[in-house]
Amino acid sequence: MKSAVIVFPASNCDRDAATALEQITGNKTAMVWHQDSELPDVDLVVLPGGFSYGDYLRCGAMANQSKIMGEIKAHAAKGGAVLGICNGFQVLTESGLLPGVLMRNAGLKFVCKPVALNVEETQSAFTRKYDKGQTITLPVAHGEGNYYADAATLDRLDGDGRVMFRYQNNPNGSARNIAGILNEKRNVLGLMPHPERVVDPLNGGTDGRGLFQSLIETLS
Amino acid sequence: MKARVFVTLKNGVLDPQGKAIGHALNGLGFGSVGEVRQGKVIDLELSETDAAKAQSALKEMCEKLLANTVIEKYEIELK
């Protein structure tokens, strides 16, 4: 599986994502600067966590205007896999690649802790190595992770089996405890928790590995 | 030409910041304060001199960038 990580100004989980990918795939991950106009030939594009453009205006709003986003939209339109983690999820909702929006946490506080999640669906390139209903623990670190969409959109997400992960104890007020969702074509995943931070036992867990292993099995 | 754009949350969208501001005002003794909703004000200077053209350009700016219309509404004031 060939992968690229997009680097925006103030991305801060870009190298974590690359390290996780390289450790699991054994392949070098391409780092792509936001002003680049071309994506290398890859199977997976990762939009990493961080505070792109200082979260100015709205989280992800500025990153969505960057040059590389046109290429990412084209990659997704061709069926290429896109994974948005944390700030990457915010960029994906701002770009319209995923529905809804991530609002300020209901408790108004930045939440930084491991959280227990239910794996809701395993029929996807991102979750097939997990078991349906499995509990995994991933860290969250965000101030704006409160997923919001209108009731019709939420019903559609539920009905189509596009809610991939749900919080067991909602840390941010997110609608229907949503932690991660897929797009309609099921090739774009956005989630607030950080799977890339728990791929090595030295970092306190390996529950994030399943997501990357699922992608390898699907895309290699 | 100068313009001012107000971006606020749509009715019905929970505004935890507004709520916290309301609680703080109540705590300061302003007991008459009920619901509080907060938002953004964006001031822009435009080289455009035609008000109708400025208005339509501003609408496009709001739709494309200044507001996220999933949760926000906007008002444009030309000066």
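Which residue follows α2(A), and is its phi positive or negative? Keep that question in mind; the tour comes back to it at the end of the second stop.

**Before you start**

This is a predicted model. The predictor gives the complex an ipTM of 0.86 and a pTM of 0.94. Chain B has a mean pLDDT of 95. In chain B, 100% of the residues reach 70 or more.

**Stop 1: the buried side of a helix in chain A**

Select residues 68-77 of chain A. This is helix α2(A). Now color I68(A), I72(A), H75(A) and A76(A): these residues are buried. Look down the axis of the helix. The four cover an arc of only 95° around it, so they sit on the same side of α2(A).

What lies over them? Show the strands of chain A. The cover of the buried residues includes β1 (3-7), β2 (30-33) and β3 (44-47) of chain A. It also includes β4 (81-85) and β11 (188-191) of chain A.

**Stop 2: the other side, and the residue after the helix**

Then move past the end of the helix and select G79(A). This residue follows α2(A), and its phi is positive, near 95°. That settles the opening question.

**Stop 3: the sheet of chain B**

Switch to chain B and show its strands. Three of them form an open sheet in the order β2-β1-β3. The pairing is antiparallel. Which strands are at the edges? They are β2 (39-45) and β3 (72-78) of chain B, and each pairs on one side only. From one strand to the next, the twist averages 20°.

Now check the pairs.

- Select β1 (residues 2-9) and β3 of chain B: they pair in the antiparallel sense over 7 bridges.
- In this pair, L9(B) stands opposite E72(B) of β3(B).
- Further along, V5(B) stands opposite I76(B), also in β3(B).
- Next select β1(B) with β2(B): this antiparallel pair has 7 bridges.
- Here V7(B) stands opposite K40(B) in β2(B).

**Stop 4**

Zoom in on G39(B), in strand β2 of chain B. Is G39(B) buried, exposed or partly exposed? It is partly exposed, because 16 other C-beta atoms lie within 10 Å; a buried residue would need 20 or more.

Leaving aside residues up to four places away in sequence, G39(B) touches F6(B), V7(B), T8(B) and L9(B). Now draw a distance from G39(B) to A57(B). These residues are 18 apart along the chain, and their C-alpha atoms are separated by 21 Å.

**Stop 5: where the chains meet**

Finally, show both chains together. How many residues does each chain bring to the contact? Chain A brings 11 residues and chain B brings 8 residues. On the chain B side, helix α1 (residues 16-27) gives the most, with 3 residues. Color that side of chain B by residue type.

Terms used: Residues numbered from 1 in each chain as written. Chains lettered and ligands numbered in written order. Predicted model: local features only at pLDDT ≥ 70, side-chain atom pairs only at ≥ 80, totals over all residues. Contact = placed C-beta atoms within 7 Å. Helix = DSSP H or I, 4+ residues; strand = E, 2+ residues; numbered from the N terminus. Pairing = 2+ DSSP bridges. Axes fitted to C-alpha atoms, helices over the stretch in contact; angles between N-to-C directions. Buried ≥ 20, exposed ≤ 12 C-beta atoms within 10 Å, placed from the backbone. Arc of directions from axis to C-beta. pLDDT = per-residue confidence, 0-100.
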